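Me: Could you walk me through this model, one question at a time? I would like the cut-offs along with the answers.

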Amino acid sequence: MNDEQDLTGLQERLGVDIDPGTLRLALTHRSYAFEAGGIPTNERLEFLGDAVLQLVSTESLYFDNPELPEGRLAKMRAAVVNTRALAGVARTWGLGEYVLLGKGELGTGGRDKDSILADTVEAVIGACFVDQGRDAAFALVHRFVDGLLTDAVELGAGMDFKTTLQEAAADLELGSVMYAIEGEGPDHARVYTATVYLGDDAWGTGEGTSKKVAESIAAETAVRAIRAEHPDWQR
């Protein structure tokens, strides 16, 4: 993206008519701002968006799960608002293609860096709050993270898919969990593919910019496959 690009497509994708100038600010990473002579960055909007995200996630978990104690709710919220989860949101909504980055960040794969993507999600939420108000911002957060909130409720004590997969493999006697990792591409933009096996059978694959991310996505795919095949298993 460049600073003259039409943002109509992104506005339509988000389902909210954020002022183009405010939305462009939400997409302005500090690396681009520095190279452009010190223009404003998205960091203030990110600060605001983080608070809105925390509030909406907390409110949803609190009222939707009246039986759960504070400690469990806190872990569930952490599973939703962490960098990896928010980067996944950004990829789902295609935010990376719109982020304004400096040449250095572009050269090192900045459009797919978890930290940049997660910060951009928060900044876009902040932009929506500033331009469209509380209700529109809250609705956008729900579109972003309701699926994550559902996953957090379903995940189990470990609060992550790798732990849940270990529990499923043990409970259903599916065999030991093993991950096979392959990497390709240059060091500065390496992509890893993980395949997770239960015993001799492959149950899921995942791709990411780190081995940890790839394994987590593979585990998520496997957990969903197990739940489809064993609908009575709950954890």
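This is a predicted model: local features need pLDDT of at least 70, side-chain atom pairs count only at pLDDT 80 or more; totals for chains, interfaces and linings use all residues.

Me: What is the order of the strands in the open sheet?
Reply: Helices (H or I, at least four residues) and strands (E, at least two) are DSSP runs numbered from the N terminus, and two strands pair if DSSP finds at least two bridges between them. The edge strands, each pairing on one side only, are S1 (177–184) and S3 (201–208). The pairing is antiparallel, and the order of this three-stranded open sheet is S1-S2-S3.

Me: Which helix lies across S1, S2 and S3?
Reply: Axes are lines fitted to C-alpha atoms, for helices over the stretch in contact (heavy atoms within 4.5 Å). Angles run from 0 to 180 degrees between N-to-C directions. The helix that lies across S1, S2 and S3 runs at about 140° to S3 and spans residues 211–229: helix H11.

Me: Over which ring does the charged end of Lys 162 sit?
Reply: A charge sits over a ring if NZ of Lys or CZ of Arg is within 6 Å of the ring centre and within 35 degrees of the ring normal. The charged end of Lys 162 is 5.1 Å from the centre of the ring in question, that of Tyr 179.

Me: How many aromatic pairs are there?
Reply: Rings of Phe, Tyr and Trp (its six-membered ring) pair if their centres lie within 6.5 Å; planes under 30 degrees apart count as stacked, over 60 as edge-to-face and the rest as tilted. Tyr 62 and Phe 63 are edge-to-face, with 5.0 Å centre to centre and 85° between the planes. Trp 93 and Phe 144 are edge-to-face too, at 5.2 Å and 80°. By this rule, the count of aromatic pairs is two.

Me: Are Trp 93 and Phe 144 buried or exposed?
Reply: Trp 93 lies in helix H6 (residues 83–93) and Phe 144 in helix H9 (residues 134–154), so the pair ties together parts that are 51 residues apart in sequence. Buried means under 20% relative accessible area, exposed over 50%, and partly exposed in between (1.4 Å probe, protein chains only). Tyr 62 and Phe 63 are both exposed, whereas Trp 93 and Phe 144 are buried.

Me: What is the relative accessibility of Leu 53?
Reply: Leu 53 lies in helix H4 (residues 43–64). Leaving aside its neighbours within four places in sequence, Leu 53 is in contact with Val 81, Leu 86, Glu 122, Ile 125, Val 141 and Val 145. Leu 53 counts as buried because its relative accessibility is 0%.

Me: Where does Glu 173 lie?
Reply: Most residues other than glycine have a negative phi. Glu 173 has a positive phi, near 55°. Glu 173 is exposed, with a relative accessible area of 73%, and its place is the loop between H10 and S1.

Terms used
Residues are numbered from 1 along each chain as its sequence is written. Side-chain values use heavy atoms; hydrogens and water are left out.
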